[in-house]
Amino acid sequence: AANTEDAIKAFYSIEWQSILDAVDAVWPEANPQFKTYYGVASVCVYAYKDEEGNTVLHVTFSTTGVRAGCVLGSIGFDVCLHHFVYQFLLEEFDDFIIRSLTDDMPSFFKPEVQSDDGWYHMFDRTSLLLQRYDELANPLNIYRHKDKDKTYVPPEAPAVPPEHPLHELTT
């Protein structure tokens, strides 16, 4: 069986401090480069005309989201998610094959014993995996896109029971 996960606008939502903390823990040699790009808030200036035709300048500062096109952005994002989320899921759910593709996290599973009870056990484990993902990722401002998250089971598996929490965690 397969379960697919996608995070909602994760690249634009991740907190810079979490990237800096992860890089510091995993790859301290890269701290100077990451602090240069992500250690100081970005300035964004908006210029527009109000209802009366006056030019208005609005300045905002941001410390969330990796910069589009930034060479370090994808690396920092991946290091951060691995350090704070994926490495724990790999350890705690070793009965799953988990692969991360930046903010996508497909996982694959099958019961040890091919029986309805074996499948129901794995449905329970999948629910726990998703709940644990939320516990680890949400503090980083990363949230699963539940409308895109799917669980696919083979024809020989029973259907996920209607009252099972997996229905609330995926579609």
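The buried residues of helix α2 pack against α3, β2, β3 and α4, where helices (H or I, at least four residues) and strands (E, at least two) are DSSP runs numbered from the N terminus. The model described here is predicted, and local features therefore need pLDDT of at least 70 and side-chain atom pairs count only at pLDDT 80 or more, while totals for chains, interfaces and linings use all residues. Residues are numbered from 1 along each chain as its sequence is written, and side-chain values use heavy atoms, with hydrogens and water left out.

Helix α2 spans residues 16-26, and its buried positions include Trp16, Ser18, Ile19, Leu20, Ala22 and Val23; buried means under 20% relative accessible area, exposed over 50%, and partly exposed in between, with a 1.4 Å probe and protein chains only. Two packed helices are described by the angle between their axes and the distance between the axes. For α2 and α4, the axes lie 8 Å apart and the packing angle is about 75 degrees, the axes being lines fitted to C-alpha atoms, for helices over the stretch in contact, with angles running from 0 to 180 degrees between N-to-C directions. The two helices α2 and α4 are therefore roughly perpendicular to each other, in a scheme where angles under 35 degrees count as roughly parallel, over 145 as roughly antiparallel, 65 to 115 as roughly perpendicular and the rest as oblique. On the α2 side, the contact is made by Ser18, Ile19, Asp21, Ala22, Val23, Ala25 and Val26, and on the α4 side by Gly76, Val79, Cys80, His83 and Phe84, contact meaning heavy atoms within 4.5 Å. By class, the contact of α2 with α4 comprises eight nonpolar, three polar and one charged residues; Ala, Val, Leu, Ile, Met, Phe, Trp, Tyr, Cys and Pro count as nonpolar, Asp, Glu, Lys and Arg as charged, and the others, Gly among them, as polar.

Helix α4 (residues 71-92) also meets helix α3 (residues 31-38), their axes coming within 11 Å and crossing at roughly 110 degrees. Helices α3 and α4 are therefore roughly perpendicular to each other. Gln33, Phe34, Tyr37 and Tyr38 of α3 make this contact with Leu72, Gly73, Ile75 and Gly76 of α4, and the residues involved divide into five nonpolar, three polar and no charged.

Among the strands, β2 (residues 42-49) and β3 (residues 55-62) pair in the antiparallel sense over eight bridges, pairing being assigned if DSSP finds at least two bridges between two strands. Val45 stands opposite Val59 in β3, and in the hairpin of β2 and β3, which has five residues between the strands, Gly53 takes a positive phi near 85 degrees.

A further four strands form an open sheet in the order β4-β5-β1-β6, with antiparallel pairing. Strands β4 (97-98) and β6 (150-152) stand at the edges, each with a single partner strand, so one side of each is left without a neighbour in the sheet. Strand β1 (residues 2-4) is joined to β6 by three bridges, the two running antiparallel, and Asn3 stands opposite Thr151 in β6.

Ala1, in the segment before β1, counts as partly exposed at 24% relative accessibility. Leaving aside neighbours within four places in sequence, Ala1 is in contact with Ser107, Phe108, Phe109, Trp119, Tyr152, Val153 and Pro154.
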